[in-house]
Amino acid sequence: MATEALRIDGSQDTVDALSAEAANLKKKLEEEKAKLADMDMGEVTKKIENMTQFNMKARKVLKGHHGKVLCMDWSKDKRHIVSSSQDGKMLVWDAFTTNKEHAVTMPTTWVMACSYGPTGDVVACGGLDNKCTIYPLCMDDDPATKKRAVATHTSYLSCCTFTTSDKQILTGSGDSTCALWDVESGQLIQSFHGHAGDVMSIDLSPSETGNMFVSGGCDKVANVWDMRTGECVQMFEGHDSDINSVRFYPSGDAFATGSDDATCRLFDLRADREVNCYKKESLIFGCNSVDFSVSGRLLFGGYNDYTVNIWDVLKGHRVSILYAHENRVSCLGVSPDGTALCTGSWDYTLKIWA
Amino acid sequence: MNKFQEGLQQQRKVAEQLRLEAAIPRVRVSECVRDIKKYCEQNAEDDVLIRGFPRPGDNPFKEKGGCAIL
């Protein structure tokens, strides 16, 4: 014991020794991961049939924003959508009828994040105001009368998502941290330090035992965090540019990323590495947003070239392309029951595809 | 904290993170990929964006045809 303590307090704890240890560990990690990469995803999925033509059409166009649509989220009722825009507005839509049910004007432009609470009674949003503000939704009242600022970062709010209840909200920020907040008191419950650049996107693990979330950012790294301890439990590298979007595979075993390097990737938590990369030589524009179909077979990516590319997750091919908008596709999301895809764009509109 | 201490602190964090990562158990890629494939297959029936609705009329987002005159 004494020698151990001496080692840590003494010779080991110098910058040089620590650097050497880090380099050694990095090398070992790479060797270990390479050893377990015994097969390509393509080999395992070779015998699966190609997907037959499927028929997704633009069914609804949601018009009402007077600026670039920056973020959207589905309500658990599979019918309502919240969206936020560069014009400082947050709108709540009935996607069946395209009616606007609530409109909130924020004291800031570039409302980059919005999220629907699990009960459907509350929405949250924020952006260049560095805050996350909660708005209870009530038919009789203007939501703005009951608003409450919950989270404060030292830079812009890039993303937010409620946890399993309306009581806690997780935020990501340009200050390179993520944070978990108590909605009622506005108290910080846990902060997450580890990114070396702006955090752009977060997603909660769908597995019940999870208590985990993934974040992606401008440091090109995706981190997996333990919400209870605040510890970064896994780091995933591979992208050549900013990660704009992260989304868990529906089983919770993997997650997808969309990046400015024009690729989407699939990272597996148990293999602790990238297991597939979705790209095409002709595709040179960045991907802003990704989501899976309910079975996890399709990966939708919203790109800067105004399109949505649909990838076969297993085989790695692009199976279809939606010429979706007249400007960048900034955000997208599959409805909770998997019946529709919603896309939001810098062309000021959102569309429902089903 | 001076610059040297800051550097040391930073390097300590890096080593700490790597020690943590080195200690986690890993599973072979082939096994992980098979599980991903299995999940797709088990849930394929419910994937409306691939299979479509059993009846087109079930699609709540589809414009109902017919009477357009009020």
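**Helices of chain B, then the sheets of chain A**

Reply: Happy to. In helix α1(B), the residues that count as buried are Leu8(B), Gln11(B), Ala15(B), Gln17(B), Leu18(B) and Glu21(B). Keep in mind that this is a predicted model.

Me: OK, and what do the buried residues of α1(B) pack against?

Reply: They pack against α2 and β17 (232–236), both of chain A.

Me: How far apart are the end C-alpha atoms of α1(B)?

Reply: They are 29 Å apart. The helix covers residues 3–22, and at 1.5 Å a residue its 20 residues should span 28 Å, which agrees.

Me: Now the other one, α2 of chain B. What span does it reach?

Reply: Helix α2(B) takes in residues 29–43, 15 residues in total, and reaches 21 Å from its first C-alpha to its last. That is close to the 21 Å expected at 1.5 Å a residue.

Me: Which residues of α2(B) are buried?

Reply: Val29(B), Ser30(B), Cys32(B), Val33(B), Ile36(B) and Cys40(B) are buried. Looking down the axis of α2(B), you find its buried residues within an arc of 170°, so they line one face of the helix.

Me: Why would a spacing like that put residues on one side?

Reply: An α-helix makes a turn every 3.6 residues, so residues three or four places apart point the same way.

Me: And what covers the buried residues of α2(B)?

Reply: Elements of chain A, including α2 (15–36), α3 (41–45), β19 (254–259), β20 (264–268) and β21 (273–278).

Me: Let's switch to chain A as a whole. How many helices and strands?

Reply: Chain A has 3 helices and 28 strands. Its radius of gyration is 21 Å, close to the 20 Å from the globule rule for 354 residues, so chain A is as compact as a globular protein of that length.

Me: What box do the C-alpha atoms of chain A fill?

Reply: Roughly 70 × 55 × 35 Å, taken along the principal axes. As for burial, 56% of the 354 residues in chain A are buried. If you take contacts in chain A between residues at least 6 apart in sequence, 44% of them join residues at least 24 apart.

Me: Nice. Which strands sit in the sheet with β1 of chain A, and in what order?

Reply: The order is β1-β28-β27-β26 (chain A), an open sheet of 4 strands with antiparallel pairing. At the edges stand β1 (58–62) and β26 (329–334), each with a single partner strand, so one side of each has no neighbour in the sheet. Neighbouring strands here are turned by 20° against each other on average, direction ignored.

Me: How many bridges hold β1(A) and β28(A) together?

Reply: They pair over 4 bridges, and β28 of chain A covers residues 350–353. In β28(A), Leu62(A) has Leu350(A) as its bridge partner, and Val61(A) has Lys351(A).

Me: What about the other neighbour, β27(A)?

Reply: Strand β27 (residues 341–345) also pairs with β28(A) in the antiparallel sense, over 4 bridges. There Gly344(A) stands opposite Leu350(A).

Me: Which residue in the hairpin of β27(A) and β28(A) takes a positive phi?

Reply: Tyr348(A), near 80°, in a hairpin with 4 residues between the strands. It is a residue other than glycine, and at 39% relative accessibility Tyr348(A) counts as partly exposed.

Me: What is the phi of Lys78(A)?

Reply: About 65°, which is positive although Lys78(A) is not a glycine. Lys78(A) lies in the loop between β2 (69–74) and β3 (80–85) of chain A, and its relative accessibility of 35% makes Lys78(A) partly exposed.

Me: Last topic: what is the order of the sheet that holds β24 and β25?

Reply: That open sheet of 4 strands runs β22-β23-β24-β25 (chain A), with antiparallel pairing. Strands β24 (residues 308–312) and β25 (residues 318–322) pair over 4 bridges. Val308(A) has Leu322(A) as bridge partner, and Asn309(A) stands opposite Ile321(A). In their hairpin, Gly316(A) takes a positive phi near 85°.

Definitions and conventions
Residues numbered from 1 in each chain as written. Chains lettered and ligands numbered in written order. Predicted model: local features only at pLDDT ≥ 70, side-chain atom pairs only at ≥ 80, totals over all residues. Heavy atoms only, no water. Pairing = 2+ DSSP bridges. Helix = DSSP H or I, 4+ residues; strand = E, 2+ residues; numbered from the N terminus. Axes fitted to C-alpha atoms, helices over the stretch in contact; angles between N-to-C directions. Expected span 1.5 Å × (residues − 1). Buried < 20%, exposed > 50% of the residue type's maximum accessible area, 1.4 Å probe, protein only. Arc of directions from axis to C-beta. Contact = heavy atoms within 4.5 Å. Rg over C-alpha atoms; globule rule 2.2 N^0.38 Å.
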